[in-house]
Amino acid sequence: MQNNHTPPVSQVPFLRRIYFERNTMEIIVAYHMEGGFLYQTVEEDWANDPALVGYQGNRDMVDVLEWQSPDPAVEEICKNSNWIGVRRIGDGLTDYEVFDDTASIQNGEPDTDRDDETNC
């Protein structure tokens, strides 16, 4: 007898991703989801998110930070800021941190060259 059972898609309770351009540190897209939802892979993001589709030819210039469980420090920044940023720390090659970049907002509006999804 053939087994036609398809294993269930992985469900996760939390996911936060921040995609950013490695040279400029400009955030391309950031999002988070909480609750029982189907896990979306990075490849699915690349295929479906309009902001990322524009970078298809330059994927090697884009990094992604991902959390599958809440990081208290990051969550505090996102809770209390109007705009987030990413900056290099440590050796400056592979270590990054999220910071409150609210000061970059001009007159209550994000800079025109930045994606408005970079707020938490």
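1. Let's begin with contacts along the chain. Of the contacts with a separation of 6 or more, 54% are between residues 24 or more positions apart; contact here means heavy atoms within 4.5 Å. Keep in mind that this is a predicted model, where local features need pLDDT of at least 70, side-chain atom pairs count only at pLDDT 80 or more, and totals for chains, interfaces and linings use all residues. Residues are numbered from 1 along each chain as its sequence is written, and side-chain values use heavy atoms, with hydrogens and water left out.

2. Now the parts list. The chain has three helices and five strands, and from the N terminus on they come in the order β-β-α-α-β-α-β-β. These elements are DSSP runs numbered from the N terminus: helices are H or I with at least four residues, strands are E with at least two. Of the 120 residues in the chain, 34% are buried. The cut-offs are under 20% relative accessible area for buried, over 50% for exposed, and partly exposed in between, using a 1.4 Å probe and protein chains only.

3. Have a look at strand β1, residues 11-21. Nine of its eleven residues are buried, so call this strand mostly covered. β1 runs antiparallel to strand β2 (residues 27-38), and nine bridges join them. It also pairs with strand β3 (residues 62-67) in the antiparallel sense, over six bridges. Two strands count as paired if DSSP finds at least two bridges between them.

4. You can check these pairings residue by residue. Glutamine 11 stands opposite leucine 38 in β2. Tyrosine 19 stands opposite valine 29 in β2 and also opposite valine 64 in β3. In the hairpin of β1 and β2, five residues sit between the strands, and methionine 25 takes a positive phi near 65°.

5. What does the largest nonpolar core contain? It has 14 residues, and Ile18, Phe20, Leu65 and Val86 are those with the most contacts inside it. At least two core residues come from each of β1, β2, β3, α3 (72-80), β4 (84-88) and β5 (96-100). With three residues, β1 gives the most. There is also a second, separate core of ten residues, with Leu15, Val29, Tyr31 and Val62 among them. For the record, a nonpolar core is a set of buried Ala, Val, Leu, Ile, Met, Phe, Trp, Tyr and Cys residues joined through side-chain atoms within 4.5 Å.

6. Isoleucine 18 deserves a click. Leaving out residues up to four places away in sequence, isoleucine 18 touches Ile27, Val29, Ala30, Asp63, Val64, Leu65, Trp67, Ile84, Val86 and Val98.

7. Next, the rings. A search of the whole structure turns up two aromatic pairs. One of them joins tyrosine 19 and tryptophan 46, edge-to-face, at 6.3 Å centre to centre and 85° between the planes. Tyrosine 19 is in strand β1 and tryptophan 46 is in helix α1 (residues 42-48), so this pair ties together parts that are 27 residues apart in sequence. Tyrosine 19 counts as buried at 0% relative accessibility, and tryptophan 46 counts as buried at 5%. Rings of Phe, Tyr and Trp (its six-membered ring) pair if their centres lie within 6.5 Å; planes under 30 degrees apart are stacked, over 60 edge-to-face, and the rest tilted.

8. Why is the pair of phenylalanine 20 and tyrosine 96 called edge-to-face? Their planes are at 75°, with the ring centres 4.8 Å apart, so the pair gets that label. Because phenylalanine 20 lies in strand β1 and tyrosine 96 in strand β5, the pair ties together parts that are 76 residues apart in sequence. Both residues are buried.

9. The charged end of arginine 59 is over the ring of tryptophan 46, 4.3 Å from its centre. Likewise, the charged end of arginine 87 is over the ring of phenylalanine 99, at 4.2 Å from its centre. The test is NZ of Lys or CZ of Arg within 6 Å of the ring centre and within 35 degrees of the ring normal.

10. Is arginine 16 buried or exposed? Arginine 16, which lies in strand β1, is buried, with a relative accessible area of 4%. Its side chain makes a polar contact of 2.7 Å with the side chain of glutamate 75. A polar contact is a pair of N or O atoms within 3.5 Å; within protein, one must be able to donate a hydrogen and the other to accept it, and residues adjacent in sequence count only if both atoms are side-chain atoms.
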